[in-house]
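Hi,

Here is the structure I promised to pass on. Have a look at it first, and then read my notes below.

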Amino acid sequence: MKFSKKFLLYFISVVLLTDCKKPYNPPAITSPGSYLVVEGVINAGSDSTIIKLSRTVNLSSGTTNNPETGAIVSVQSSTNATYPLVETSTGSYAVAGLNLDITKTYRISIKTSNNQQYLSDLVPVKVTPPVDSVGFTVQSNGIQLYVNTHDPNNNTHYYRWDYIETWQFHAKYYSAYITNGVAIVPRTADQDIYSCFGNDASSTILLGSSAKLSQDVIYQSPLTSVVSTSEKLETKYSILVNQYALTSDAYNFYTNLKKNTEQLGSIFDAEPSEIAGNIHNVNNAAEPVIGYISACTVQSKRIFIANAQLPTSWLPDYPYDCELDSMWYDVPKSKPPLNEVAYYLIPLNSGIIPAQAFYVPGDPNPAGFLSSDSECLDCTLRGTKTQPSFWK
């Protein structure tokens, strides 16, 4: 009896405590603020200047992308020269190579669709030294990519990098056949869906500094790693690395941004701090604006890594569970007769694709087709068949 009473009291306490809990939505999640975010750099050389505008979103909104469209964006010089940018895609504004006078200072001017005016601080042009090399080391579980650079004039000291990865990959199985909605027919070369190209861009802030060194040298600064089972390495992989020289103020901004966005979550990480950029609302200095505009020339280098350069024991893990099933024109011993090809493969957009024909002894016509889901046979679901112009 004592045990039953104790258990009953414990059960009632748990129910009451659970029932009294109320969800807590901190201000950071429910804040109505929608602040301007400015990304990009004024490219003083022959490549395009691209500025991306967006707005912050509440964590509770379920939205991750909120581009700022319809803005008027331009580069302005300290001598009042103006170079307008054009919105080339949603929230992305660009202008072809400006080849700016590096003795002048420059800023970005932004007028949003709601007539808010923003200006960045005038900044000097930093001349970026060339990328010496991009390389990789083979490790037990994949490759580590790195960049080397130096400034013989000992003037740079602060660097930032980003990169674009491109790789050739293939579907799990080769499909030699296709449906035309009436019958299964051989694929033409233009209809091949076995080999494709994928790409991805860097999503972390990559910085380097030689400020505390006697020489302005950056040696094997880490860029990214690729695991040995990644399909990025199954045929050929390429990485294009872009290098930007920074001022000390810009370097400090990106360092602070990196700490606030990538290095939080454990008790040993730094506490979040305010991220002060160099972009301001002309009529409301108190409005937060996220971003820092630099001006520099940009240096780039691309390398290729062929599968033959890597350990032969490295095999890619295909991202889907795949197997081939037999689809018959006339399923053996089926009563009533069942034509799986007509039912599953011939209808357009059925999601099942024929791979190879199979036969029965004594009959020259296919008895059916080995088939699988489209994810296992169609590489275009995850990439493009168009070979990049730079591909070797």
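This is a predicted model: local features need pLDDT of at least 70, side-chain atom pairs count only at pLDDT 80 or more; totals for chains, interfaces and linings use all residues.

A residue is called buried here when its relative accessible area is under 20%, taken with a 1.4 Å probe and counting protein chains only.

First, the chain as a whole. It has 5 helices and 25 strands. Its accessible surface comes to about 22500 Å², and carbon and sulfur atoms account for 53% of that. If you take the contacts between residues at least 6 apart in sequence, 69% of them join residues at least 24 apart.

Between β12 (residues 142-150) and β18, the antiparallel pairing runs over 8 bridges, and Gln 144 sits opposite Ser 225 of β18.

I also looked at Gly 45, in the loop that links β2 (42-43) to β3 (49-55). Is Gly 45 buried or exposed? Its relative accessibility is 15%, so Gly 45 counts as buried. Beyond its neighbours within four places in sequence, Gly 45 is in contact with Gly 97, Leu 98, Asn 99, Cys 296 and Thr 297. Gln 299 is 254 residues away from Gly 45 along the chain, yet their C-alpha atoms are separated by 9.4 Å.

Technical notes:
Residues are numbered from 1 along each chain as its sequence is written. Side-chain values use heavy atoms; hydrogens and water are left out. Helices (H or I, at least four residues) and strands (E, at least two) are DSSP runs, numbered from the N terminus. Buried means under 20% relative accessible area, exposed over 50%, partly exposed in between (1.4 Å probe, protein chains only). Contact means heavy atoms within 4.5 Å. Accessible areas come from the Shrake-Rupley method with a 1.4 Å probe; for residues, only the protein chains shown count as cover. Two strands pair if DSSP finds at least two bridges between them.
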